[in-house]
Amino acid sequence: MKPFKEQNYYEVLEISPDAVPLEIRRAFKRSFTLYQDDSLASYSFFSEEERQDILSRIEQAYLTLINPEARTAYDQSLIAAGLLDEEKTFRDKTKGPIAIYDFQKTRMDGPVPSKRSGELKSRAEHSGMIRDLLTRDTLSGSDLQKIRTALEVPLEAIAEKTNIRIDILRAIETENMELFPPRVYLKGFLRSYIRCLALDERVVADAYLKKLGIP
Amino acid sequence: MERSVTQIWPIGGGKGGTGKSFFTGSLGFLLAKQGYRTLLIDVDLGAANLHTIVGVPNPPRSLSDFINKRVATLDDTVVSTPLPNLFFISGAMNNLDMANLGHEQKMKVLKGVAKLSYDYILLDLGAGTAFNTIDFFMISKTGIFVTTPEPTSIENIYRLIRSVYFRKIHHVLKTYDFKALADEAERRNPRAVVSNPDLLLHVMSELDPEKGALLQRELGSFHFKLALNQLRKQDSQDIGALICKIIEKHLALRMQHIGNISFDDRVHNAVCKRMPFLDLYPYTQTALDLRECCRCLLPEKEAHLPLQGVAD
């Protein structure tokens with residue numbers, strides 16, 4: 001075995017060159033405790049100066065290996081000196097976190113999934129008919145339907161996205177008040193519907209309710 | 001049982017009261033029970049009491065008979081014990097000055113031990129790091145250290161192992177001037193000479209690579225064992241492994257931890273009754289630990305072999 005002073009950082013911490021950060025941290029804690037002043041196992045073995053030397057070397061080893069950039073640089077220096085095989089160095093094989101919201105939670109049958117709101121907004125701005133409708137004080141169900149058709153958002157897509165039954169959405173567009181849900185729900189459903197079209201939900205909902213005479 | 005090579009295990013530990021004699025006695029007991037012809041030699045000259053542990057309170061012959069030429073060979077001082085296969089050479093001296101063997105006398109004993117033919121010879125060493133103790137310890141490459149998990153005891157383990165280290169350097173440097181080497185090393189690094197024999201070795205390798213390499217080889221051939229005795233429940237279980245690690249890492253000597261032996265108040269009872277602890281309390285944790293240590297010490301292939309010996 002090599003004298004302590006000539007050992008490389010991996011040997012100092014007694015870990016393999018492909019150790020993961022958790023192992024490095026554990027090894028550091030283990031060695032650091034072993035060479036402490038109050039450690040029973042190393043009692044009287046070292047002079048105070050030797051102990052300090054060893055502790056600072058252990059700390060230096062830890063700080064180098066735990067820092068990915070410093071570690072890579074150190075590995076490179078070992079490889080250049082022929083002391084380490086590049087194959088054996090640590091490579092971060094861990095996967096990044098999985099973004100669960102990237103998943104489509106429901107399967108879409110229709111060819112058009114919900115359109116991005118930015119795209120919808122720009123389309124609404126470029127359509128003279130929509131702009132014209134939106135300036136009105138009141139909006140009927142058929143107006144909403146016109147806007148929706150102009151934006152090319154199928155009713156099924158809205159039903160999928162909002163989990164509102166399609167016959168209720170249809171009833172909103174046809175102003176079939178018999179099928180309307182209770183008032184509190186109606187307002188919520190209406191807003192969800194309008195949100196899917198990327199319109200100002202408060203203004204549009206108010207205009208629609210005003211037309212139907214619902215306060 | 002036929003064996004060609006005698007295994008010699010010196011058992012030391014620096015500090016007194018760590019259980020060297022108890023460990024030696026128990027190990028001898030286990031080996032003899034397994035059918036090995038085992039000889040225990042008490043070389044704790046001046047404070048011998050292994051005879052009490054093995055149940056021979058008044059040994060008719062002792063090492064001093066050999067040293068004072070009352071008997072011709074060391075073999076003639078061997079005393080049998082109540083246990084078959086277990087033999088014993090007492091260190092109890094009637095001559096008051098025997099604690100300090102002269103060089104000639106020591107060499108005579110060492111040569112005598114080498115001539116003995118047994119399966120295992122265990123040497124129970126005294127406390128301290130006198131040259132005599134160290135030379136007996138270095139009679140074989142497989143010395144066993146016994147320590148307790150206390151700073152005082154561990155301190156002495158390190159002191160003993162360093163003494164062994166220095167003694168080895170001395171041996172290799174017989175024709176050389178050890179003092180000159182030490183001075184040179186001290187000149188280069190004023191603070192570390194005593195506590196760091198490694199440095200001495202380093203300096204030596206530079207001054208005389210041939211001798212340095214020889215010494216490296218000699219030191220590398222040691223295969224020490226460490227038994228941690230009197231471990232209480234609240235003590236850390238891995239102290240032994242850590243001590244071995246430090247020795248391997250900083251002295252480059254091989255040292256193997258062979259096990260922890262639990263503390264048991266009943267050891268005191270057994271000693272007071274002058275009966276083997278393993279006979280009196282065979283089913284205690286301590287007895288279990290001792291057996292485990294013994295198993296660790298035996299070479300793998302033999303550990304399971306002499307079952308026929310257990311029967312008698």
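In this predicted model, the C-alpha centres of domain 1 of chain A and domain 2 of chain A lie 66 Å apart. The bounds behind that separation come from the domain assignment, which places domain 1 of chain A at residues 4-88 and domain 2 of chain A at residues 117-212.

Of the 312 residues in chain B, 43% count as buried, and among the contacts of chain B with a separation of 6 or more, 74% are made by residues 24 or more positions apart.

One helix pair in chain B can be followed down to its residues. Helix α6 of chain B, spanning residues 151-172, packs with helix α9 of chain B, spanning residues 209-220, and their axes are 10 Å apart at an angle of about 135 degrees. Because angles over 145 degrees count as roughly antiparallel and those from 65 to 115 degrees as roughly perpendicular, α6(B) and α9(B) are oblique to each other. The crossing in which α6(B) passes α9(B) is right-handed.

On the α6(B) side, the residues that take part in the contact are Lys168(B), Ile169(B) and Val172(B), and they meet Lys211(B), Leu214(B), Leu215(B), Glu218(B) and Leu219(B) on the α9(B) side.

Key
Residues numbered from 1 in each chain as written. Chains lettered and ligands numbered in written order. Predicted model: local features only at pLDDT ≥ 70, side-chain atom pairs only at ≥ 80, totals over all residues. Domains from an automatic or database assignment. Buried ≥ 20, exposed ≤ 12 C-beta atoms within 10 Å, placed from the backbone. Contact = placed C-beta atoms within 7 Å. Axes fitted to C-alpha atoms, helices over the stretch in contact; angles between N-to-C directions. Helix = DSSP H or I, 4+ residues; strand = E, 2+ residues; numbered from the N terminus. Parallel < 35°, antiparallel > 145°, perpendicular 65-115°, else oblique. Left-handed = near helix turned anticlockwise from the far one by under 90°.
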